[in-house]
Amino acid sequence: MKFLCVECDEAMRLQSTRGPDEGSMSVLFECPSCGRQIAMLTNSMETQMVRSLGVKIGSGGSTPGRMETIRNSLRGVEGLGAQAHPRNDATPPTEQSDSLEQAEDQQAGGKCPFTGVVNEAFGRQEEVQGFVWTAEAEERLGRIPSFVQGMVRKGIEEYAREIGVTEIDAKVMEAARSRFGM
Amino acid sequence: MKTYHDIVGDGGSNVVAQVAEQQRRMAIRLAPVSHIVAVMSGKGGVGKSSLSVNVATAFAMAGRKVGLLDADINGASIVKMTGVRREPEAAYGGVRPPTTAAGVRVMSIDLFLADDTPVTWDAATQKDAFTWRAMMEQAALREMVTDTEWGELDYLLIDLPPGTDRLPNLVDLLTRLSAAVVVTVPSQAAHHVVGKSIRMAREIMKAPRLGIVENMSRFVCPDCGNTHDLFHGDRADALAAQHGVPFLGKIPFDPRMAQLTDSGLNFIGEHPDSPTSEAIRKLTVRLEHLVEETSPVAQ
């Protein structure tokens, strides 16, 4: 589905998403020329249909986690249900899994500038240095969906390493967000 | 005014790219798999899952690397029939499938659920779930194909649920399919549906490598060796000839196969000399000919 600003004859661009809230998603689009905004509101059936495609609205093309639909949507799931990031195993990657990582890195570019950092964090194999997260920073991290927390943590720690700090507080998190244009 | 096709992209979600990425990941995952074979039947109750398990086991015992995917999301039975442990293991890049004693790598939705837990999907409401339930099942199937660390396989057998629509759904999902084996029993009702399955397969697969196998073809008494018909319908080899499809063989019914397979034990390993085990081994040879495009002739 695409949205067109009729007056400007320009494709509208996704600005933000909200929800699902009681099954409904709100997806905000804006015309890049005149600034007019519209919101697409989905009902619970439509939200579930999008969910079943295994794609993310507003993610800019970020790659879903392994068995994401099964882990996050199947009721009563055991085994992998609690594991946000299946790539925790110490077993060395195989040539095939490296190829899968490369395929992820080569995915079509998306709007989300954080995607690159996420992909890089996904593919990293070396250990990340120990950082100290303040309680407030941990609390803020806990607010985002659990299945991306691991990736976001790695990205923020990478930023912290770049700027030479070892304590991650709310300020560092905000700076990381600004750096990635979020 | 611009039309849909005049606009590049979708404004920021890049859904088309995400779907293309799913296909690419699946292609990478399946690259080391030599042959993908769907085991299907238009009709339920013909012993398709049991046969899938035993064909996979026969292949493995003959030295082939085999995977078995339980594509029957709502009627999953392969975990129980193979006796694998319900402990899917996270691995780098995917989920490591458990293996049977014979070495068959198994993936099923049942691995993620406690015993007797039905498949239901989280949603804000289950009202009108019929509109999206099939799509969620297809997504789960896609993930089980793509996110399982199959590794190098000679054969990936996919046990489909009954129904003539299952093969086209699978063909839509997979990047490739080597062959489809249609399982039937010698009954008129089953043959009626098999005919539809063959027509559907031909329309969808264009140049299909199809084969028919007749399960429960007769009952061989394990004590005296006498044979008895279980059904009194037409023979499947005649059906195969009628449709111009290779006939892959007849599998006699052995109650021990049902008993051991239901218990997750290896029937072929326990009774290698039974007529049923012999017929299954012959089936694997003909199936190999089918996927390699040589002439599979059943006697």
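Entry 1, the cavity lining. I note that this is a predicted model. I asked which elements of chain B line the largest cavity. Strand E1 (33-40), helix H2 (48-61), strand E7 (179-184) and helix H10 (275-291) of chain B each supply at least two lining residues. H2(B) contributes the most, with three residues.

I then searched the whole structure and found three cavities of 30 Å³ or more.

I checked H2(B) on its own. It has 14 residues and runs 20 Å from first C-alpha to last, close to the 20 Å expected at 1.5 Å a residue. How many of the residues of H2(B) are buried? I counted 13 of the 14, so the helix is largely enclosed by the rest of the structure. I also looked just past the end of H2(B), where Gly63(B) takes a positive phi of about 95 degrees.

I moved to chain A. Strand E3 (residues 13-21) and strand E4 (residues 24-30) of chain A pair in the antiparallel sense over six bridges. Opposite Thr17(A) I found Val27(A) of E4(A). E3(A) and E4(A) form a hairpin, with two residues between them. In that turn, Glu22(A) has a positive phi of about 55 degrees.

Conventions. Residues numbered from 1 in each chain as written. Chains lettered and ligands numbered in written order. Predicted model: local features only at pLDDT ≥ 70, side-chain atom pairs only at ≥ 80, totals over all residues. Heavy atoms only, no water. 1 Å grid on protein atoms, 1.4 Å probe; cavity = no way out; pocket = protein on both sides within 12 Å on 5 of 7 lines; lining within 4 Å. Points joined across faces, edges and corners; volume = space filled by probe spheres on them. Helix = DSSP H or I, 4+ residues; strand = E, 2+ residues; numbered from the N terminus. Expected span 1.5 Å × (residues − 1). Buried < 20%, exposed > 50% of the residue type's maximum accessible area, 1.4 Å probe, protein only. Pairing = 2+ DSSP bridges.
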